[in-house]
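Here are a few notes to read alongside the structure. They start with the ligand site and then move to the sheet beside it.

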Amino acid sequence: MMRGRLREGALLFPGISWLFVFFAAPLAIIFVVSLGQRDAYGGAVLDKGLSFANYLRALEPSFLPTVANSLKYATATTLLAIGISYPIAYWISRHGGRRKGLLLILVMLPFWTSWVIRTYAWMIILRDNGVLNGVLQATGITHDPLILLNTDFAVVLGMTYGFLPFSILPLYVSIDRVDVSVVAAARDLYSSPGQAFRHVTLPLTMPGVIAASLLTFIPAIGDFVTPDILGGAQTTTIAKVIQSLFLSARDWPFGAALGFLLILATVIGTVSTLRILRAEVIG
Amino acid sequence: MEAATNAVPEIRLRDLTKQFREVLAVDHVNLEIRTGEFFSLLGPSGCGKTTTLRMMGGLEAPTSGTVEIRGNDVTRQPPERRPVNTVFQNYALFPHLNVFENVAFGLRRRHETKDEIRRRVGDALALVRLTGLDTRSPDRLSGGQQQRVALARALVCQPMVLLLDEPLGALDLKLRKQLQVELKRIQREVGITFVYVTHDQEEALTLSDRIAVMRAGQVEQLGSPEELYDRPRNRFVAGFIGTTNILDGEVVSVSQDRSVVRLGTGELCPGPGRAPAAGQPVELAIRPEAIELRAMPGGAERASSLGGSPDGGASALRGNIEQSAYLGTGISYIVRTVGGQLVTVLCTRPADRFDTGDLVELAWEPASALVLAPTDEPGQAAAQSKTDAQEA
Ligand SMILES: Nc1ncnc2c1ncn2[C@@H]1O[C@H](COP(=O)(O)OP(=O)(O)OP(=O)(O)O)[C@@H](O)[C@H]1O
Ligand SMILES: [Mg+2]
């Protein structure tokens, strides 16, 4: 009994140490910094007394539009990513045949290039004299260049593109696990293809949809590169604000407070989403 | 027979064919399944039984040929519009729905009222003896219970035909026997046509009114269990239905009610009167229970003289008992004849007891030996029916 426990503990050791070093410890550091005061040259002063003043500042209503903006981008990105990924994952699983492995590698191929470089590539495609406008004007579809860069559209497009692999993979796994004969049974029991999807395939792949949503929504909320490069200077998101508080405004304690709140909100949001959906879908 | 040919068959397959890339899974199958009968598709693994059944249900589109249900051509109809329901090989229960909702699935798609659904699901669960398990999840049921849910789910929709794909294949022998009896009872109670796929010849013989024996995508023989057992058309059917001894030889002489056949080993044995002319090659099939063993004087010494007793022309094989197995209902012996041919014999009379090595004579009624038609190779048969189809 004791030895069994010990062995189980030993198996968990690498994981727990990883979580401690790379999640719990940084989180604790951020929390401590967020209680301090701003140092004129960057960094944080902790010996002048700790307080929750930065949290009160963070909850001021002036931040609401920024938070709303972040939620808007993340939600739009998640919906779009699921909408695009589901058919792709479905097709690979059902019609990929022997090429499934190759197709999945192709899905991950963008990861071979840096995130920032890929985002700049979108900038080159989307700007006024960029690739897309060039094609549209050359073919005579438009006369004046369309304003695409520095719009909400560009931000959501860039994020959706970037997080697509994160949503395709969990969807693929859950679709691939659905036994085709269960779908055949639904057809046999008077379901049209659409009804079979709605009443059988979709509920059975709901865990994959949830996983894909979380894996898209969470990085989308924290992404500051895409809103910065494709959204332009006037686009503000909570992640961009945090980034500038650390790197240009030199207000570490306030940045730390915002960051801590963002992580807290994400964890609470994730856990309650899983709870609610598990109770509804699986239970 | 007469009445059945006049009536519109429940299901009629005409030249039904399915080609999967390089595999010809079903090859010009023609079948008429009668209303209310228990019809089985029997054949070895991979012979196209499931594919044929799926084409009846609309789950697989035929490459060519047609499927008719009660005279209506349903070949192009999707499964949801066909009046048939299927019990799948691995049950295919909906894992996210409980027993009640699994059974109610088809009724809900057809927008039955709440009360109607509750009543009919209750009846269906009672029919398969699962009352009280409504809220169980399928993954918390035993194999036999899952099987019953699958059956209830298909029957509750009151289809004209129930298609069953090896429904008992995954169960152990005892449960299988028990459910066979129940399937037969349920079929009598609901009175609809059952089309039953199995590779278990015993199961097919026990349950069916008629059986189609399939091989390599084609129907080898169609008939009642008795017909298939007593008059298999060829070596394949004879070998597939029950155990049988198949003896290759040449006809020596034919008289009115009997013939004499010389086996490849040179020994003579009796054959039926309806046999090819003398000098023709022939395949004889003799069931183990049709052979009688007679003790021969000489005890355990090895038989040596070739052929039967030339006196009176009573040609009979002689040999030594090589193996015996007690089966409960009788004893099965394997006899090695003088010429080296192995013959299986089933003795049901306890008086006939022999020991290994005993010298015996094998006797059978000439008429109980059956002359088989030469078995054509699957490839040849396929080529043949293709030219037939082209001519037609
Ligand atoms: N979807 C498919 N794609 C390609 N070949 C298939 C497909 N389905 C069946 N086949 C092939 O068609 C042939 C007949 O298959 P089928 O499933 O009808 O056999 P079966 O008689 O039901 O066998 P079993 O007793 O093993 O279930 C087999 O050779 C099989 O490999
Ligand atoms: Mg099969």
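1. A term to have in hand first: a polar contact here is a pair of N or O atoms within 3.5 Å. Keep in mind, too, that this is a predicted model.

2. Now the contacts themselves. A backbone N or O atom of B:Gly46 sits 2.7 Å from an oxygen atom of ligand 1. From the side chain of B:Thr51, an N or O atom is 2.5 Å from a ligand 1 oxygen atom. For the side chain of B:Glu166, the corresponding distance to an oxygen atom of ligand 1 is 3.2 Å. On its own, ligand 1 has 640 Å² of accessible area, and the protein covers 63% of that.

3. Which elements give two or more residues to the shell around ligand 1? They are β2 and α2 of chain B, with α2(B) supplying the largest share, three residues. The residues around the ligand include B:Phe20, B:Val23, B:Lys49 and B:Gln89. By type, the shell splits into four nonpolar, six polar and two charged residues.

4. On to the sheet. It is an open one in chain B, with four strands in the order β2-β1-β4-β5 and antiparallel pairing. Its edges are β2 (23-33) and β5 (72-73), each pairing on one side only.

5. Have a look at the β5 end. β4 (residues 64-69) and β5(B) pair over two bridges, in the antiparallel sense. B:Asn72, in β5(B), is the bridge partner of B:Ile69.

6. Finally, the helix. α2 (residues 49-57) of chain B lies across β1 (11-20), β2 and β4, and α2 runs at about 120° to β1(B).

Notes: Residues are numbered from 1 along each chain as its sequence is written. Chains are lettered from A and ligands numbered from 1 in the order in which they are written. This is a predicted model: local features need pLDDT of at least 70, side-chain atom pairs count only at pLDDT 80 or more; totals for chains, interfaces and linings use all residues. Side-chain values use heavy atoms; hydrogens and water are left out. Two strands pair if DSSP finds at least two bridges between them. Contact means heavy atoms within 4.5 Å. Axes are lines fitted to C-alpha atoms, for helices over the stretch in contact, and angles run from 0 to 180 degrees between N-to-C directions. A residue is near a molecule or strand if one of its heavy atoms lies within 4 Å of it. A polar contact is a pair of N or O atoms within 3.5 Å; within protein, one must be able to donate a hydrogen and the other to accept it, and residues adjacent in sequence count only if both atoms are side-chain atoms. Accessible areas come from the Shrake-Rupley method with a 1.4 Å probe; for residues, only the protein chains shown count as cover. Ala, Val, Leu, Ile, Met, Phe, Trp, Tyr, Cys and Pro count as nonpolar, Asp, Glu, Lys and Arg as charged, and the others, Gly among them, as polar.
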